[in-house]
Amino acid sequence: MKVLVVAERKGTELRRVSLELASKAKELGDVSVVEIGGERYSPLPFVSALAKKVEAAAPDLVLLGATQSGRDLAARLAARLGRAYAADVTDVAASGDSLEVTRPMYAGKVRARLRVPLPAVVSVRPGAIPLREGAATPEVTKIEADAVAEKLTFTKFAAVASGGKRVSLAEARVVVSGGRGLKGPENWNLVEQLADALGGAVGASRAVTDAGWRPNEEQVGQTGKTVTPDLYVALGISGAIQHLAGMTSSKVIVAVNKDPDADIFKVADYGVVADVFEFVPAFTEAVKKVRAG
Amino acid sequence: MKILIPLKQVPDSTVRVSVAPDGKSIKTEGITWSISPYDEYAIEMALERKEADPSTVVSVVTVGPARARDALRQALAMGCDEASIVIADDAIPPLAVARALAKVIGDAKPDLVLCGKQASDDDQGFIGPALAEVLGWPHVATITKAVPAAGSVELWREVEGGHEVWTAPLPALATVHKSEKEPRYPSLPGIMKAKKKEIPERPFAALGVDASGPILEVLSMEPPPSRGGGKILKDGDLKQVAEKLATLLRDEAKVL
């Protein structure tokens, strides 16, 4: 099978998901990896450049990371080329002359296996494919976005005060999220200090983003981001279905809540029944000590 | 300005979804159906524009089974002006659904089309970008704000660290991630008014669009792997519990 991987870069580094895709593609067949050069993602210039590449190279499968831009690009590419499309899969395998993929549906409440006819476009959830330590960096061919296809004008970038400093939530290996139990935005230093001690990203429950305590982009859950880190720490989060949908695929879940009956404990590997204001500072110190060896 | 929102009726987000005995679908008996959450954000975004400029006309359309009328009725009760349905069974390829919507849009000629970024049943996120592709329009993905200007619209796209602001010529299409306010509940007068509104219906076959396209075949569905049986730490001095947890995360879970 011929596989074309579309890699993404954050700054100068390839995104981790791109390495995951390249490693999966190797299992499936002959791999080539491209990245699309352009100042920022825009659907028409990216689709136009990628569609030309796909038509010329005729891969059976195009693999993209199910990132915010990757999912959008994958869908429009599939529509342009009339290819089958499966989004946000957690596994993909060859099966005769088609593919078999596993993907969450119904906001993660169901796991489905689907047959995808070839040729196809598939986007893969970041973190779903295990990456061997020291896996070789793939050779990447750069193609340029087709500026002529652009019909939009980029006006400006409006930065949010809290953004940019930490790792990106969707790809972070550790996520520390805060809920209503934190009582107000002024207490977020507790969440941030623990996240920094763990080298992780900061998330929030929907109640918190709805209340305007934290920006929407930090929301983890059904209508926010779905995360699959190695470690997810839920602080003062009760565990509504809508939140669980976004984080139950995490490898290890730690929950801290003073209500012993909170639903979050049903999915936690380690639960601490305690007041977050008392426990979190002690835990942050303990983490620093353990990490320092 | 005329804003059109294609919406999908899905199991309400509070439904505890379970797999049907055939192992390939979900149980639908007795469940509550609603407008997909991202479509609700798109509706809210449009209704906020309508409040700012009362000449705005907001219409909703769905391609789906007859029961999806209830979702359209819900959108009318929230304050949308018009609704219509294209009756289609679930076996229609997604690309053909996009073509059907493009046909409706070709007839209705909206200035702005807002699609929820994905429907919370299949979670594919295909229809918005595919619809833009079939129409030959540019689109902006995962916006949180739309501000109309003369002959164009400013679309705010949430990305890591902030918002990219794009200006699109009209007509334009965007997929919606969030609205500035939470979607409103239907008001009682809104519900009464919605009951009286006609919802014109057309069968998919009457649109005369190409019904072909690739289809994904469901082989099986199962609940996600269950979790739980975790360790609960509650007794003793908090400092000791904290140190024990940190040690367990390093030595047992191996994530530190």
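# Helix packing, aromatic pairs and burial

In helix α2(A), Pro43(A), Leu44(A), Phe46(A), Val47(A), Ser48(A), Leu50(A), Ala51(A), Val54(A) and Glu55(A) meet Asp72(A), Leu73(A), Arg76(A), Leu77(A), Arg80(A) and Leu81(A) of α3(A) (contact means heavy atoms within 4.5 Å). This is a predicted model, in which local features need pLDDT of at least 70 and side-chain atom pairs count only at pLDDT 80 or more, whereas totals for chains, interfaces and linings use all residues. Residues are numbered from 1 along each chain as its sequence is written, chains are lettered from A and ligands numbered from 1 in the order in which they are written, and side-chain values use heavy atoms, leaving out hydrogens and water.

**Packing of α2(A) and α3(A)**

- Helix α2 (residues 43–57) and helix α3 (residues 68–81) of chain A pack at about 55°, and their axes are 10 Å apart (axes are lines fitted to C-alpha atoms, for helices over the stretch in contact, and angles run from 0 to 180 degrees between N-to-C directions).
- The two helices α2(A) and α3(A) are therefore oblique to each other (angles under 35 degrees count as roughly parallel, over 145 as roughly antiparallel, 65 to 115 as roughly perpendicular and the rest as oblique).
- Helices (H or I, at least four residues) and strands (E, at least two) are DSSP runs, numbered from the N terminus.

**Aromatic pairs and charges over rings**

- The whole structure holds 6 aromatic pairs over all chains (rings of Phe, Tyr and Trp, the last by its six-membered ring, pair if their centres lie within 6.5 Å; planes under 30 degrees apart count as stacked, over 60 as edge-to-face and the rest as tilted).
- One of them joins Phe154(A) and Trp166(B), whose ring centres are 5.2 Å apart and whose planes stand at 70°, so this pair is edge-to-face.
- That pair crosses between chains, linking strand β12 (residues 153–159) of chain A, which holds Phe154(A), with strand β9 (residues 162–169) of chain B, which holds Trp166(B).
- Phe154(A) is partly exposed at 25% relative accessibility, whereas Trp166(B) is buried at 5% (buried means under 20% relative accessible area, exposed over 50%, partly exposed in between, with a 1.4 Å probe and protein chains only).
- Phe279(A) and Phe283(A) form a stacked pair, because their ring centres are 5.5 Å apart and their planes lie at 15°.
- Both residues belong to helix α7 (residues 276–292) of chain A, where a spacing of 4 residues separates Phe279(A) and Phe283(A) by about one helical turn.
- Phe279(A) is buried at 0% relative accessible area, and Phe283(A) is buried at 1%.
- The charged end of Arg40(A) sits over the ring of Phe154(A), 3.4 Å from its centre (NZ of Lys or CZ of Arg within 6 Å of the ring centre and within 35 degrees of the ring normal).
- In chain B, the charged end of Lys145(B) sits over the ring of Trp156(B), 4.1 Å from its centre.

**Helix α4 of chain A**

- Buried residues of helix α4 (residues 188–198) of chain A include Trp188(A), Leu190(A), Val191(A), Leu194(A), Ala195(A), Ala197(A) and Leu198(A).
- The elements of chain A that cover these residues include β13 (174–178), β14 (201–204), α5 (206–210), β15 (231–235) and α7.
- Just after α4(A), Gly199(A) has a positive phi of about 70°.

**Chain B**

- Chain B contains 6 helices and 13 strands, and 51% of its 256 residues count as buried.
- Its C-alpha trace spans about 65 × 45 × 40 Å along the principal axes.
- Thr175(B), in strand β10 (residues 172–176) of chain B, is buried at 4% relative accessibility.
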